[in-house]
Amino acid sequence: MPDAFQNFVNGSWVDAEQGATFEKVNPARTQEMIGLFPESGAADVDAAARAARKAFPAWSSTPAPQRGEILRRIGDLLTERKKALAFEETREMGKPFAETCGDVQEAIDTAYYAASETRRLFGRTVPSELPDKFNMSVRRPIGVAGLITAWNFPIAVPTWKIFPALACGNAIVFKPSEEAPHSGALLAQLLSDAGVPPGVFNLVHGGAAAGEALVEHPDIDAVSFTGSNAVGSKIGATCGRLHKRLALEMGGKNAQIVMPDADLDLALEGVLWGAFGTTGQRCTATSRLVLHEAIHDAFVERLLEQMQTLVLGYGNDEGVHVGPLVNQKALDKVARYVEVGQSEGATLRVGGKRATEGALAEGFFFEPTLFADVAPDMRIAREEIFGPVLSVLKAASYEEAARIANATRYGLSSSIYTQDVSLAYRAMRDLEAGITYVNGPTIGAEAHMPFGGIKHTGNGHRDGGWEVFDFYTETKTVYVDYSGQLQKAQMDNAAS
Ligand code: NAD
């Protein structure tokens, strides 16, 4: 019998009301089932949202540094359980163990960072324009946050949202991805073990139906979403209609530019990691490589050589660099884009098909793939493929490289390899992205820095860093008049 998992509502593990379930398998060994998870509906979301609403007053009036103590304990427990969590994470979503260890470490960093911020939830004091009057702004929690996430960073990305939301005094209903439900369940247990009070954090499993019910629920005051643009746009429309605060973190089509003066060994190492780490299934994956024409041909040949050294396999086995795609749908999508690239006239230099050698046949593996002679207007240069497919484009100058990098509706991450300080600063200014790396690949976020994208990648908010604390709080402006008189701003004080 497969393990049967439940939702976590008001401090207890419960089945979904309708009793429906979905299966989750190991994408590297599809015969291995991770478990059965509740396919939740509106009634389950309702129970969770009500529990959160009920828990909110006590949690929000708990002194913030006491909430921080719980976050610190969460950080300690994540540290203790890091390897076990990473092992399970690899089992359910596929990326290699070293990467899932990094994923959990990011959650640890976020927990300690959020804990420290609970002593720093600053407001402002500003001079009044009137005598004997005191002006300040303070932060107030919003209420209940509905959090919906993708599967590719199943511990790190949820905790980018959960920990700051808790630090600020909000209650939570979290719906993890149906492709990473086990990580969500382990996280819920850990939060409970660390002392998060019942009802403050609730977990509801399921897919689109549960997600839609969560966004629509009247007790959900704010929604934070990480996932695809298609789903994010729908959620945006609902939140607009219902006047809900919304943070969107969506797709990317990130470019790495390499100039002729760059440290080419470093640039090569960077693009291998940026393009094929997490099997290209990162919002920040390097999916376009823009090479200056002076180095183009030699760089491509070296890259093709290096790609042959990548070892595909089950991520919990030693020495594996690239895991599987997450499911059959992803495999089909990547294969479709390979056809699109070929039909558009790009040159398929390596890869381009499912990897089926030996044990790889048991999983959703796809060969690391490189397209050369890609033009900026081709679909493989503009659309998010979310797989191990790298498109190489050629540029005659920095200006052309920057133009190519910007020729997409996405704006998450970007990178330039150069030793020229002037070019580096021009790229920091010119590249249309929420993140620019100089002499680093497009990936590698740090927990205490704002993370997010411009253009169609986001809606102006950031996960991570100090900015996320603005999302999970409302500003209240407070005036204290101790003059003992009615003072009329703008009228009493006007010069004429
Ligand atoms: P997805 O949009 O299919 O699913 C994301 C989440 O939304 C899941 O939990 C899913 O169950 C839920 N969902 C689906 N339909 C819904 C609906 N109608 N209403 C409410 N919720 C719904 O994305 P995915 O395949 O899980 O993840 C891949 C995408 O996520 C890629 O586009 C990737 O770039 C993006 N991503 C972005 C970031 C970032 O921070 N910018 C990070 C990781 C992944």
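The buried residues of helix H7 are covered by elements that include helix H1 (42–61), strand S7 (144–148), strand S8 (171–175), strand S10 (222–226) and helix H8 (229–242). Helix H7 itself runs over residues 208–216, and its buried residues include Ala 210, Gly 211, Ala 213, Leu 214 and Val 215. The model is a predicted one, and the protein in it has 15 helices and 19 strands.

**Nonpolar cores**
- The largest nonpolar core has 45 residues, and those with the most contacts inside it are Ile 74, Leu 78, Ile 162, Phe 163, Leu 166, Leu 191 and Phe 201.
- Helix H4 (residues 97–117) supplies the largest share of this core, namely eight residues.
- A second, separate core comprises 36 residues, among them Phe 366, Ile 380, Ala 381 and Ala 402.

**Surroundings of Leu 166**
- When neighbours within four places in sequence are left aside, Leu 166 is in contact with Trp 59, Arg 67, Leu 71, Ile 172, Leu 191, Val 196 and Val 200.

**Overall dimensions and packing**
- Because a compact globule of 496 residues would have a radius of gyration near 23 Å, the 24 Å of the protein agrees with that expectation.
- The C-alpha trace spans about 80 × 70 × 40 Å along its principal axes.
- Of the 496 residues in the protein, 57% are buried, and of the contacts with a separation of 6 or more, 74% join residues 24 or more positions apart.

**Surface and charge**
- The accessible surface of the protein comes to about 20500 Å², with 52% of it belonging to carbon and sulfur atoms.
- The protein carries 46 positive and 61 negative charges, whose mean positions are 5 Å apart.

Notes:
Residues numbered from 1 in each chain as written. Predicted model: local features only at pLDDT ≥ 70, side-chain atom pairs only at ≥ 80, totals over all residues. Heavy atoms only, no water. Helix = DSSP H or I, 4+ residues; strand = E, 2+ residues; numbered from the N terminus. Rg over C-alpha atoms; globule rule 2.2 N^0.38 Å. Buried < 20%, exposed > 50% of the residue type's maximum accessible area, 1.4 Å probe, protein only. Contact = heavy atoms within 4.5 Å. Areas by Shrake-Rupley, 256 points an atom, 1.4 Å probe, with all protein chains shown as cover. Lys, Arg positive; Asp, Glu negative; His and termini not counted. Charge placed at Lys NZ, Arg CZ, Asp CG, Glu CD. Core = buried A, V, L, I, M, F, W, Y, C linked by side-chain atoms within 4.5 Å.
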